[in-house]
Amino acid sequence: MNEEMLEAIQNAVMEGDRDGVVKLTKSSLEEGIEIKRILDEGLVAAMEVVGGRFKCNSIFIPEVLISAKAMHAGMAVLEPYFAKCGIEPMGNVVIGTVKGDLHDIGKNIVSMMLKGACFKVNDFGIDVGIEKFVGAVKNDSPDLIAMSALLTTSMHSMRDVINALKDSGLRDKVKIIVGGAPVTQDFADSIGADGYAKDALTAVDKAKELCGKP
Ligand code: B1M
């Protein structure tokens, strides 16, 4: 039964059926299916299939976007359940997809999971410029900057942000975590990030560790 429901969510995302995704996500919650399973085995699993189809040119950008919108509609249903936590935040996080990059599905999942783990999250969205990250450290003193990149071209903006923080004398004031499909531990080390996470769950663990709350 649970498997059928999760498969139905996948199909609805792949078909870009927003209303269907919302309905099925709500029904899955009512059936008591674990939120993490709805996310991983329903919504994210479907985007992986969509990604594979995009890669081999069997679908194109409009179809991908329609599926992404449907997936976001499902995530919006789950978000309040992720956000239930205590009073004391684990830490303040500024998150964004770096300059030149418009991909936000993975970043939104990381953002949502961080909120769910009781971090206060300020999500700057996509195509976030160096000045915006540096300004945030200067004005709001977050504990953690979290940068996402999905393009081999845009991932280098992460280094630019870190260098700009060094040049402004702010590097030591904040921890930095990076992630996204083309990013690796080696790359993170080479640009001087404090942490790397391959997926959203690991990102939460790493964020806790970097904020001294393991
Ligand atoms: Co784009 N795209 N895309 N795309 N797209 C990729 C990334 C690509 C791999 C597809 C391919 O190979 N053919 C390729 C990049 C190649 C490369 O650089 N090596 C690519 C390209 C080339 C492009 C365009 C240039 C295409 C074009 O216009 N010709 C263009 C670029 C636009 C731009 O950004 N300037 C483009 C556009 C788009 C859409 C707008 C159509 C759409 C984005 C919609 C949106 O995000 N709102 C899109 C999509 C959806 C994809 C694919 C199909 C799926 C990405 C995704 O959402 N995956 C992708 C192919 C693929 O991955 N198979 C592709 C699901 C998501 C849950 O996973 O984002 O990896 P992911 O996030 C994971 C982890 O990476 C990690 O946790 C998440 C959850 O576990 N993670 C972090 C992510 N951020 C993290 C941060 C952390 C820690 C972990 O700490 C801070």
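Which elements make a right-handed β-α-β unit? Strand β3, helix α7 (residues 156–167) and strand β4 make this unit. The legends below describe a predicted model, in which local features need pLDDT of at least 70, side-chain atom pairs count only at pLDDT 80 or more, and totals for chains, interfaces and linings use all residues. Residues are numbered from 1 along each chain as its sequence is written, and side-chain values use heavy atoms, with hydrogens and water left out.

**View 1. The β-α-β unit of β3, α7 and β4 is right-handed.** A crossover has this hand if, with the strands pointing away from the viewer, the path from the first strand over the helix to the second runs clockwise. Helices (H or I, at least four residues) and strands (E, at least two) are DSSP runs, numbered from the N terminus. β3 and strand β4 (residues 175–179) pair in the parallel sense over five bridges; two strands pair if DSSP finds at least two bridges between them. Ser148 has Gly179 of β4 as its bridge partner.

**View 2. Strand β3 (residues 144–148) is largely enclosed by the rest of the structure, because five of its five residues are buried.** Buried means under 20% relative accessible area, exposed over 50%, and partly exposed in between (1.4 Å probe, protein chains only). Leu144, Ala146 and Ser148 point one way from β3, whereas Ile145 and Met147 point the other way. The residues on both sides are all buried.

**View 3. Strand β1 (residues 92–97) runs parallel to β3 and is joined to it by five bridges.** Within this pair, Val94 stands opposite Ile145 in β3. β1 also pairs with β2 in the parallel sense, over four bridges. Here Asn92 stands opposite Lys120 in β2. β1 is mostly covered, with five of its six residues buried.

**View 4. Pro89 is found in the loop between α4 (61–82) and β1.** Pro89 is partly exposed, with a relative accessible area of 35%. How many residues apart along the chain are Pro89 and Phe119? They are 30 residues apart, and their C-alpha atoms are separated by 5.1 Å.

**View 5. Helix α2 (residues 18–30) has 13 residues, and its end C-alpha atoms are 18 Å apart.** This distance agrees with the 18 Å that the helix should span at 1.5 Å a residue; the expected span is 1.5 Å times one less than the number of residues. The buried residues of α2 are Gly20, Val21, Thr25, Ser28 and Leu29. Seen down the axis of α2, they fall within an arc of 165 degrees, so they line one face of the helix. The arc is that of the directions from the helix axis to the C-beta atoms. An α-helix has 3.6 residues a turn, so residues three or four places apart point the same way. On the face of α2 turned away from its buried side are the exposed residues Asp19, Lys23 and Glu30.

**View 6. Ser28 is found in helix α2.** At 0% relative accessibility, Ser28 counts as buried. The C-alpha atoms of Ser28 and Met5 are separated by 6.6 Å, although the two residues are 23 residues apart along the chain.

View 7. Asp127 is partly exposed, with a relative accessible area of 34%. At 52% relative accessibility, Ser141 counts as exposed.

**View 8. Lys132 lies over the face of Phe124, at 4.5 Å from the ring centre.** A charge sits over a ring if NZ of Lys or CZ of Arg is within 6 Å of the ring centre and within 35 degrees of the ring normal.

**View 9. Glu209 lies in helix α9 (residues 200–210).** Is Glu209 buried, exposed or partly exposed? At 46% relative accessibility, Glu209 counts as partly exposed. Glu209 and Asn108 are 101 residues apart along the chain, and their C-alpha atoms are separated by 21 Å.
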